Amino acid sequence: MNGNGSIAADSMLFNRISQQGEQRDKRGMLDLIMDYYSHTEYQPTQEQTVKNRFVFFGLIRCQPWMSIPAGILIQFCYGSVYAWSILNGPINKAISGDESHGNAEVTFYIALGVLGITAAIFGPWIETNHPQKSGIIGLLIFFSGHLTSSLAVSVRMISLLYFGYGFIAGIGLGIGYVSTIDAVSKWWPRARGTAAGFAVMGFGGGSLAFGAINRWLIDNTTLPLTFLILGSINFVVMLISIQFISPPPPGHNPDGVPIMEPTGQQPAIAAIGALELEKGTQSTRPAAAEQPTLHVSLGEALRSRDYWLLYVAFLANIVFSLVVISNLPSIIHNMFGMGRRVPQQPPIPAYIAVSIEGGFNMFGRVLTGVVSDLIGRKTTFMLLLTTQIVTISFVSVAIHADSFWGFLALIWIATMCYGGGFGMIPAFLSDMFGTNNTSSCHGILLTAWSLASIVGGLVFTGILNHFLSHGSHAWEPHIYTANFMWMLAVVVAGFVCCLFVRASIRDRLFPALPNQILRLRIFGRVFRVLCLRHTPPAEVPPGGCKRHRKFMEFEYLTRAEEQKAWDEYLALRAVQHRLMKEPNDC
């Protein structure tokens, strides 16, 4: 018995030690993840800072304007993914023998899905490393995806195509897309929207050229050779362009989120000064970066409800055009071409419509970035969603009216808004959460791209197949109208979420009262709704229980009242900041 008891005790001790070890391992892994997402700033050495002043193998002195054409060319090559719809038919024919039957379009959804997940995972790593390092790794992986895709088509394996272009090239897309945009926008703190718009312009314009390039290669070469040529072109152009990408010098951007204060409000300026927030020390630093700032950690950014409201708004902004981009040739074929009840040639070939759509995608990115610098990010984003609500509402009308040009015009306008969301979202995030968090926040936000591409594509295809399996024909408008309706509902929901996004740091951090249930900024002033309790003395019986009456109180603060509350908050932050910096004497 004693021997058995000893064995049992040893076994219990062993199990306890094993459980403690597993808990430590889990805790250690959690700490590693938290540490990874907590360090989101590139900190070069003095030697690296000097080296970063030169580009193209150290032969040319770096100038801020160089990053824009280099970024456009890199994004242009990555944007070739938008011309994937031209390859769907030939790939289906090569693998299954029938252009209209196959699953080649799934590759597009996988690639964009992997893109968003990769950007979320590698965001902090991209932020803390030189953009050339992440850029070269991204383009090498993207090129590898093309090589694998060429092999997949040669051996007629659709699963290998999913792995090659969907997974491998998708990883390259995620790393290269975020690193390029982040590097370009950081050079222009006063015009982040314009800079980011120009950078992502190339990605939107990829289908503008590659739609025609893909068509020419398919008509004049074999499909495996098409992937080899496309991959080689992208590799050479991106490898040369990345040599002109370099990070700005330390202090070029504000360390945190700038606090915009009207002139003449000295109490607020004094309170901000008490925070001992750092300012730039270099004379070359832009004036916009000389303003006092509040540092926002990545954890604070990701815990903010405004970030997730913006996430839903961004998802709503991209879902319609993202699904249509990959299905536009088939929609044109079934509704206006040879697949309709009375076959006819459409006024223009589908690949030309895709190329023009790429032009609107590209133009929307630049235009929206410029406009957002002028009238504000939130206002611009709400204009985009409003325009999409109107256009999606009339797309079904154009299809029922058999209006080919009306249909295309609405699709192109919606696509311009789609590109506009991508053009301004990096600047939007930078303004809200600081440049040091841009890549990480942007990467996680791009999972909305993954969600929209995978879930949106599957829902679209599922509804389409449901109608076809129940006797409907591909040329009947209602099978597309049903899809447009759920997309419209998503965009409306996104508009509502965007309405409640607090775009400025002052709105996000403005102190809330304990009994506050709602706060909005209306016409530049703070409007609050409070839930108060009141007990009339006459209604309290002797020895009885108090009965509280709840009532709503509405406050529309004057600017002076708002400024006083804000000054008090900044003074409290100043005390907290000093206490955190003081050494512990205990």
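Biologist: Which element gives the most to the nonpolar patch?
Modeller: This is a predicted model: local features need pLDDT of at least 70, side-chain atom pairs pLDDT 80 or more, while totals for chains, interfaces and linings use all residues. Residues count from 1 along each chain as its sequence is written, and side-chain values use heavy atoms, without hydrogens or water. At least two patch residues each come from β5 (516-522), β7 (549-556) and α18 (478-499) (DSSP runs: helices H or I, at least four residues; strands E, at least two). With three residues, the top contributor is α18.

Biologist: What area does this patch have?
Modeller: Its members are V492, V496, L499, F500, I517, L518, M552 and F554. Patch residues have over 30% relative accessible area and no salt bridge, with nonpolar side chains joined within 5 Å. The area (Shrake-Rupley, 1.4 Å probe) is about 700 Å².

Biologist: Is F500 buried or partly exposed?
Modeller: F500 lies in the loop between α18 and α19 (505-509). Buried means under 20% relative accessible area, exposed over 50%, partly exposed in between. At 33%, F500 is partly exposed.

Biologist: Which residues touch the most other members of the largest nonpolar core?
Modeller: That core has 119 residues, buried and joined through side-chain atoms within 4.5 Å. Helix α12 (305-336) gives the most, 19 residues. Most members are touched by F407 and W449.

Biologist: What is the relative accessible area of N234?
Modeller: N234 sits in helix α9 (223-241). Beyond four places in sequence, N234 contacts (heavy atoms within 4.5 Å) C77, S80, F142, H146 and F210. N234 is buried, because its relative accessible area is 1%.

How values were computed. Buried < 20%, exposed > 50% of the residue type's maximum accessible area, 1.4 Å probe, protein only. Patch = residues over 30% accessible without salt bridge, like charges linked within 9 Å, V, L, I, M, F, W, Y side chains within 5 Å. Salt bridge = Lys/Arg side-chain N within 4 Å of Asp/Glu carboxyl O.
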